[in-house]
Amino acid sequence: MQLPDPVALAIPAFILLMVAEVLWVRFGGRGEYEWRDTATSLVMGFGSTIAGLITGGAVVAAAYWLHQFAIVDLGWHWWVFALCILADDLAYYVFHRSAHRVRWFWAAHVIHHSSQHYNLSTALRQTWTGFFALAFIFRMPLFLVFDPAMVLFASAINLVYQFWIHTEVVGRMPRWFEAVMNTPSHHRVHHATNPRYLDKNYAGMFIIWDKMFGTFEPERDDEPCRYGIVKNLGSFNVLWTAFHEWIGIARDVWHAPTWRARWNYMVKPPGWSHDGSRDTSETIKARWAERQARLAAEPAE
Amino acid sequence: MLAQTLISVGGIALVVLLARWLGVRRPAAGLDAKAAVDLAEFTLAGFVADDVALGADGGGAIVSGQGGRFALIKPHGSHWAVRGIAAPVAVTVESDDLIVDGGDPMFGLVRLRIGAEAAETLAARLRAQAG
């Protein structure tokens with residue numbers, strides 16, 4: 001079956017919505033734009049599509065090769081589409097959680113988090129090295145159940161959905177919506193470096209996976225999100241943005257004292273070091289919790 | 001494919017130029033001592049600030065912390081970027097300015113106008129940290 005490409009169809013809408021958001025911010029609405037940050041984000045997005053064109057053929061070929069071993073043939077009914085979208089979103093959750101907890105996958109994903117701003121252009125700040133990071137492997141099991149064209153369509157729907165949640169313009173959606181779907185509020189938490197918010201809300205379309213697997217954290221009005229990464233780049237250079245974590249891995253692996261340490265510098269969580277000299281999200285949270293406890297114990301002035 | 005590419009490139013140019021011309025880039029919010037301490041303690045886990053040297057021209061700050069730690073703060077667009085400084089620290093004093101090289105070439109040098117005497121004093125501490 002020939003399916004349309006949701007991403008290609010959505011590009012004009014992406015542009016119009018960004019223009020609308022810029023105007024909204026200009027005339028006093030909530031949000032922020034820094035033109036150099038936006039330029040970096042959009043160049044990263046454009047480069048990502050180029051990278052996708054170069055490597056996409058290999059992924060599609062692998063998908064169809066795997067599909068010949070499909071364990072079931074569900075056909076093209078509407079409920080199969082719905083099931084595929086749900087399954088694809090679960091696969092996305094697993095990928096996304098791995099992308100924050102395994103440095104190899106993080107090296108490709110960190111690009112998306114490297115902006116200290118949070119607006120619609122941030123949504124398009126995408127990696128150039130996703131194929132090199134082997135990110136496609138998380139969707140491979142789906143090809144044993146669903147037609148590859150259906151899976152690729154579902155993943156494109158997922159990607160398009162996630163565009164609009166990258167904004168500060170929208171506060172909170174109705175409670176029933178917030179309970180089930182990924183929303184701007186939930187995703188602001190995901191992009192924040194506040195210790196409370198680190199490594200939370202990995203959802204693509206449905207927030208239900210975070211609630212099921214214990215990674216959900218609601219946005220708090222008394223704790224506004226601060227965006228970026230733990231060690232912000234301090235640079236708008238697109239090449240540095242694209243490759244800085246890969247360079248970091250290479251340096252660490254080169255200087256590691258043992259083969260085990262070399263392996264761990266690639267697969268342990270971001271911030272892991274063989275001598276404990278750096279911070280992981282666990283140590284950041286632990287120190288924050290200690291500080292909160294200390295402040296709470298201090299007598300009020 | 002060509003049409004899609006042209007639309008994408010045109011869209012990028014439109015949004016970036018609009019963001020620049022409409023002036024939605026706000027300069028980094030003013031950095032005072034309290035804000036510098038907050039930035040340093042938020043960014044660097046376990047950092048407890050002791051003293052702040054603010055650049056007079058809004059160029060950033062160095063926050064001295066307990067345990068010989070330092071936080072180097074520089075403006076980055078409409079935000080601030082922070083680096084924890086570890087030995088060795090390369091510093092230069094040029095009249096009233098302290099120029100700090102945090103060791104990250106992509107982060108760049110940070111020039112702070114803090115006065116000649118303060119610059120010399122802080123430079124000595126940062127170089128001693130490297131020793």
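Trainee: What is His100(A) in contact with, leaving aside its neighbours within four places in sequence?
Mentor: In this predicted model, His100(A) is in contact with Trp106(A), His109(A), His113(A), His190(A), Asp199(A), Tyr202(A) and Pro270(A).

Trainee: Is His100(A) buried or exposed?
Mentor: His100(A) is buried, with a relative accessible area of 7%. The cut-off for buried is under 20%. His100(A) sits in helix H3 of chain A.

Trainee: And how far is His100(A) from Val110(A)?
Mentor: Their C-alpha atoms are separated by 8.2 Å. Along the chain they are 10 residues apart.

Trainee: Which residues of H4(A) are buried?
Mentor: Among them are the histidines His109(A), His112(A) and His113(A). Arg103(A), Trp106(A) and Val110(A) are also on the list. In total, 10 of the 11 residues of helix H4, residues 103–113 of chain A, are buried, so the helix is largely enclosed by the rest of the structure.

Trainee: What covers the buried residues of H4(A)?
Mentor: The cover includes helices H2 (35–67), H3 (78–101) and H5 (120–123) of chain A. It also includes H8 (184–191), H10 (238–255) and H11 (259–267) of chain A.

Trainee: What does UniProt list for residues 81–215 of chain A?
Mentor: The record gives "domain: Fatty acid hydroxylase" for that span, in an unreviewed entry. In the model, the span is 52% helix and 0% strand. Its end C-alpha atoms lie 27 Å apart.

Trainee: Where does UniProt place the feature "transmembrane region"?
Mentor: At residues 6–27, 39–64, 76–95 and 142–164 of chain A, again from an unreviewed entry.

Trainee: How much helix is there over residues 39–64 of chain A?
Mentor: That stretch is 100% helix, and its end C-alpha atoms are 36 Å apart. Residues 142–164 of chain A come out at 61% helix and 0% strand. The end C-alpha atoms there are 26 Å apart.

Trainee: New topic, the cores. How many residues has the largest nonpolar core?
Mentor: It has 19 residues. Those with the most contacts inside it are Met18(A), Tyr33(A), Leu42(A), Leu124(A), Phe163(A) and Val15(B).

Trainee: Which elements give two or more residues to this core?
Mentor: Helix H1 (6–26) and H5 of chain A do, together with helix H1 (2–21) of chain B. H1(A) gives the most, with eight residues.

Trainee: What does Met18(A) contact, leaving aside its neighbours within four places in sequence?
Mentor: Met18(A) is in contact with Tyr33(A), Leu42(A), Leu120(A), Ser121(A), Leu124(A), Phe163(A) and Val15(B). There is also a second, separate core of 18 residues. That one includes Ala53(B), Phe70(B), Val89(B) and Leu122(B).

Trainee: How many cavities of 30 Å³ or more does a search of the whole structure find?
Mentor: One. About 50 Å³ of space lies in the largest cavity.

Trainee: What lines the largest cavity?
Mentor: Its lining includes Asp37(A), Arg125(A), Gln116(A) and Asn232(A) from chain A, plus His76(B) from chain B. The lining residues divide into one nonpolar, seven polar and two charged.

Trainee: Switching to backbone angles. What is the phi of Ser95(B)?
Mentor: Near 45 degrees, a positive value in a residue other than glycine. Ser95(B) lies in the loop between strand E5 (90–94) and strand E6 (97–101) of chain B. Ser95(B) is exposed, with a relative accessible area of 60%.

Trainee: What about phi of Leu134(A)?
Mentor: Positive too, at about 65 degrees, although Leu134(A) is not a glycine. Leu134(A) is in the loop between H5 and helix H6 (148–161) of chain A. At 40% relative accessibility, Leu134(A) counts as partly exposed.

Trainee: Back to chain B. Where is Ala116(B)?
Mentor: In helix H3 of chain B, residues 116–130. Leaving aside neighbours within four places in sequence, Ala116(B) is in contact with Ser95(B) and Asp96(B). Ala116(B) is partly exposed, at 36% relative accessible area.

Trainee: Last one. Where is Val48(B), and what does it touch?
Mentor: Val48(B) is in the loop between helix H2 (33–43) and strand E1 (49–54) of chain B. Not counting residues up to four places away in sequence, Val48(B) touches Glu41(B), Ser64(B), Gly65(B) and Gln66(B).

Definitions and conventions: Residues numbered from 1 in each chain as written. Chains lettered and ligands numbered in written order. Predicted model: local features only at pLDDT ≥ 70, side-chain atom pairs only at ≥ 80, totals over all residues. Heavy atoms only, no water. UniProt positions renumbered as here; feature names shortened; annotations may be inferred. Helix = DSSP H or I, 4+ residues; strand = E, 2+ residues; numbered from the N terminus. Buried < 20%, exposed > 50% of the residue type's maximum accessible area, 1.4 Å probe, protein only. Contact = heavy atoms within 4.5 Å. Core = buried A, V, L, I, M, F, W, Y, C linked by side-chain atoms within 4.5 Å. 1 Å grid on protein atoms, 1.4 Å probe; cavity = no way out; pocket = protein on both sides within 12 Å on 5 of 7 lines; lining within 4 Å. Points joined across faces, edges and corners; volume = space filled by probe spheres on them. Nonpolar A, V, L, I, M, F, W, Y, C, P; charged D, E, K, R; others polar.
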